[in-house]
Structure formats: C-alpha cells, structure tokens
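Take a look at the model below.

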Amino acid sequence: MSTEHRSLLMRANRLLGAALVDNNLVKLEDLEKANERLLEVLAANQPRQSTVLGILAYEMKVVREDDVLQFIVESEGAGLVDLRNYDTSDEIRKSLDVGACWATWSVPFDREEEFYFVATAYYLSPAVRSFWEKQFGAQIIWYGTTLDVIADYLEKLEGDQANALAAAGGTRSPFSAPDSQAPFPAGIAPASSPATAKAPAA
C-alpha cells in the first residue's frame with residue numbers, strides 16, 4: 001500500500017470510528033481496542049481485513065454491520081446497493097484507483113450526467129465522502145453496502161486487471177493474490193436500484 005493510500009485509510013478509519021462513537025453505535029473503549037488491532041492488520045498487509053468496522057463487527061462483535069447500514073438509511077436517506085447484482089460502468093472500472101477504493105471501502109460504480117454513484121461501507125466517515133467529492137468534483141449519490149460486497153468487487157477487479165496484463169504480454173502481475181476468505185458475511189437485503197433509491201439529504 002502506498003504512503004498516500006495508507007494515510008487515507010488511517011484517516012477514513014479514524015473518522016468512521018469517531019462517528020460510530022458519536023452516534024452511540026459503539027463504545028469508546030471498544031473503538032480503542034479495535035484501533036490497536038487495525039494497526040496489527042496493517043502491519044501484515046491484509047487489505048481485506050484493514051477495516052476498523054470489520055474488526056468491531058466480526059472480531060469483537062460489538063456492533064452489527066446491518067445496524068450501521070440501517071442507521072445511514074434512516075438518518076441520512078442513503079439507498080442500499082449490492083454490486084454483485086449490478087452491471088457497473090466500464091468507463092469507471094477502467095479508470096478506478098483500486099488502492100483508494102480499499103483505503104475508503106468505497107467503489108464508484110456508475111455515472112449519469114453530472115451525478116456519480118458511489119457504494120460505500122464507510123458512509124459515516126467524513127474523510128471518505130470528502131475524498132470522493134474532491135476526486136470527481138461533481139455531485140455524488142451515495143449508497144450503503146457491506147464490507148464483503150466491496151471486498152469481493154475489488155478482488156475480482158484486481159484479478160481481471162491482472163489477467164488483462166498477462167494477456168497483453170506483461171511479465172508480472174502488480175497485484176498480490178487475494179488473502180484467505182474474510183470473516184465478513186454478506187448480510188444485506190436485496191439492493192435498491194439507482195432509479196428508486198433516495199439520494200442522501202443535503
């Protein structure tokens with residue numbers, strides 16, 4: 001992971017953790033333990049496990065990811081999407097900064113005129129929303145999704161890019177092999193479509 005992406009990941013996780021505490025979704029002492037564990041995971045270079053939300057939800061079991069998603073739906077008016085049931089834009093896939101996606105647990109997946117659609121497990125992190133708003137310089141319609149959906153999508157994308165490189169005569173793959181299956185189950189109900197999901201409140 002590049003220094004830039006690592007810095008972004010740390011900021012995204014720090015502000016997500018603060019938001020979880022501020023909204024009474026986790027306790028401060030649990031967050032502190034999760035932050036310590038996150039540093040251990042980062043040292044082992046495991047992108048799929050590098051998430052304070054995943055540690056809180058699936059290692060420590062002090063919050064349910066579904067409850068976090070339900071919170072952003074009710075409090076922020078965000079829709080939900082499952083990228084495994086969505087044909088993502090080829091234009092966006094080809095220009096995607098995969099490292100930034102891992103760092104923010106977010107995936108831009110479509111565009112319609114001046115609007116970009118971004119799926120994220122980290123909506124509550126202001127650092128994540130700010131990063132993608134600056135990247136696109138346009139309005140974003142945010143959708144909540146699970147860590148598992150994001151990780152599956154990014155690992156498949158990395159595999160597709162590695163295969164394309166090999167087919168083009170590349171001598172090596174720039175992507176490491178995916179880690180073992182993560183502990184994050186796909187726990188979200190069928191997704192809303194962009195046509196029916198509500199945009200977040202301004």
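What covers the buried residues of α2? The cover includes α1 (3-22) and α3 (52-59). Keep in mind that this is a predicted model.

## Helix α2

Start with the length. Helix α2 runs over residues 28-43, which makes 16 residues. At 1.5 Å a residue, α2 should span 22 Å. The end C-alpha atoms of α2 are 23 Å apart, so the two values agree.

Now look at the sides. D30, L31, A34, L38, V41 and L42 are buried in α2. They cover an arc of only 110° around the axis, so they lie on the same side of α2. The face turned away from that buried side carries K33, E36 and A43, which are exposed. Just after α2 comes N45, with a positive phi of about 55°.

## Aromatic pairs

Two values describe a pair of aromatic rings: the distance of the centres and the angle of the planes. The whole structure holds nine aromatic pairs. One of them joins F109 and Y143. Their rings are 5.6 Å apart, centre to centre, with 65° between the planes. That makes the pair edge-to-face.

Where do F109 and Y143 lie? F109 is in strand β2 (residues 106-112), and Y143 is in strand β4 (residues 139-144). The pair therefore ties together parts that are 34 residues apart in sequence. F109 and Y143 are both buried. Ring pairs also link F109 and Y143 with Y86 and F117 into a cluster.

## A charge over a ring

R129 places its charged end over the ring of Y123. The distance to the ring centre is 4.9 Å.

Technical notes. Residues are numbered from 1 along each chain as its sequence is written. This is a predicted model: local features need pLDDT of at least 70, side-chain atom pairs count only at pLDDT 80 or more; totals for chains, interfaces and linings use all residues. Side-chain values use heavy atoms; hydrogens and water are left out. Helices (H or I, at least four residues) and strands (E, at least two) are DSSP runs, numbered from the N terminus. The expected span of a helix is 1.5 Å times one less than its number of residues. Buried means under 20% relative accessible area, exposed over 50%, partly exposed in between (1.4 Å probe, protein chains only). The arc is that of the directions from the helix axis to the C-beta atoms. Contact means heavy atoms within 4.5 Å. Rings of Phe, Tyr and Trp (its six-membered ring) pair if their centres lie within 6.5 Å; planes under 30 degrees apart count as stacked, over 60 as edge-to-face and the rest as tilted. A charge sits over a ring if NZ of Lys or CZ of Arg is within 6 Å of the ring centre and within 35 degrees of the ring normal.
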